[in-house]
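Please look through the points below with the model open beside you.

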Amino acid sequence: PGGRSADPLAAEAKPAAPAVSQEEANAAFDRGDYRRAFLLNRPLAAAGSAEAQNSLGYLYEKGLGTKQDYERALFYYQQAAANGHRSGQFNAAVLYENGLGSARNREQARHWYERAAAQGDEEAAEALERLAD
């Protein structure tokens, strides 16, 4: 009671998992409650969920449940992409290719399309062919 924790590493422990689940966030999205989906995905994304990061990117990109913001969309897609999320990789590539959220960057687009294609994303493979032209 009070005082220091008995575990000397407790202060360095990872933050507790968010009180909401990805399933709850996905259910809110599926029923069209985009504001709730946005609010539920935020702590999940902060805790490192690539699925939540990709979802936040999508919500920002489309302006669902929040104000449309391509820079934030790209930020969250990049996080998801860096965490190996195939859709996050594809989505980041699309924004880079089209100059949404940043200047147009074909190299970054190619980079993320290649990673998504390597995970079996057929649209990404087609996009790579288009960029090669």
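1. Basis. The model is predicted, and local features need pLDDT of at least 70, side-chain atom pairs count only at pLDDT 80 or more, while totals for chains, interfaces and linings use all residues. Residues are numbered from 1 along each chain as its sequence is written, and side-chain values use heavy atoms, with hydrogens and water left out.

2. Make-up. The chain has seven helices and zero strands, and from the N terminus the order of elements reads α-α-α-α-α-α-α. Helices here are DSSP runs of H or I with at least four residues, strands are runs of E with at least two, and both are numbered from the N terminus.

3. Burial and surface. Of the 133 residues in the chain, 32% are buried. Buried stands for under 20% relative accessible area, exposed for over 50%, and partly exposed for what lies in between (1.4 Å probe, protein chains only). The accessible surface of the chain is about 8100 Å², with 47% of it belonging to carbon and sulfur atoms; the areas come from the Shrake-Rupley method with a 1.4 Å probe, and for residues only the protein chains shown count as cover.

4. Contacts along the chain. Among contacts in the chain with a separation of 6 or more, 39% join residues 24 or more positions apart. Contact means heavy atoms within 4.5 Å.

5. Helices H6 and H7. How do the axes of H6 and H7 cross? Helix H6 (residues 106-118) and helix H7 (residues 122-132) have axes that come within 8 Å and cross at roughly 145°. The axes are lines fitted to C-alpha atoms, for helices over the stretch in contact, and angles run from 0 to 180 degrees between N-to-C directions. On the H6 side the contact includes Arg106, Arg110, Tyr113 and Glu114, and on the H7 side it includes Leu128, Arg130 and Leu131. By class, the residues of this contact are nine nonpolar, no polar and four charged. Ala, Val, Leu, Ile, Met, Phe, Trp, Tyr, Cys and Pro count as nonpolar, Asp, Glu, Lys and Arg as charged, and the others, Gly among them, as polar.

6. Aromatic rings. The whole structure holds six aromatic pairs. One of them joins Phe75 and Tyr76 edge-to-face, at 5.0 Å centre to centre and 80° between the planes. Rings of Phe, Tyr and Trp (its six-membered ring) pair if their centres lie within 6.5 Å; planes under 30 degrees apart count as stacked, over 60 as edge-to-face and the rest as tilted. Phe75 is partly exposed at 42% relative accessible area, whereas Tyr76 is buried at 19%. Phe38, Tyr60, Phe75 and Tyr76 form one aromatic cluster.

7. Phe38. This residue lies in helix H2 and is buried, with a relative accessible area of 3%. Leaving out residues up to four places away in sequence, Phe38 touches Leu56, Leu59, Tyr60, Gly65 and Thr66. Its C-alpha atom is 9.1 Å from that of Ala52, 14 residues apart along the chain.

8. Ala52. Is Ala52 buried or exposed? Ala52, in helix H3 (residues 50-62), is buried with a relative accessible area of 0%. Beyond residues up to four places away in sequence, Ala52 touches Gln22, Asn41, Leu44 and Ala45. The C-alpha atoms of Ala52 and Gln22 are separated by 7.1 Å, although the two are 30 residues apart along the chain.

9. Leu39. Leu39 also lies in helix H2 (residues 34-46) and is partly exposed, with a relative accessible area of 42%. The C-alpha atoms of Leu39 and Ala28, 11 residues apart along the chain, are separated by 9.9 Å.
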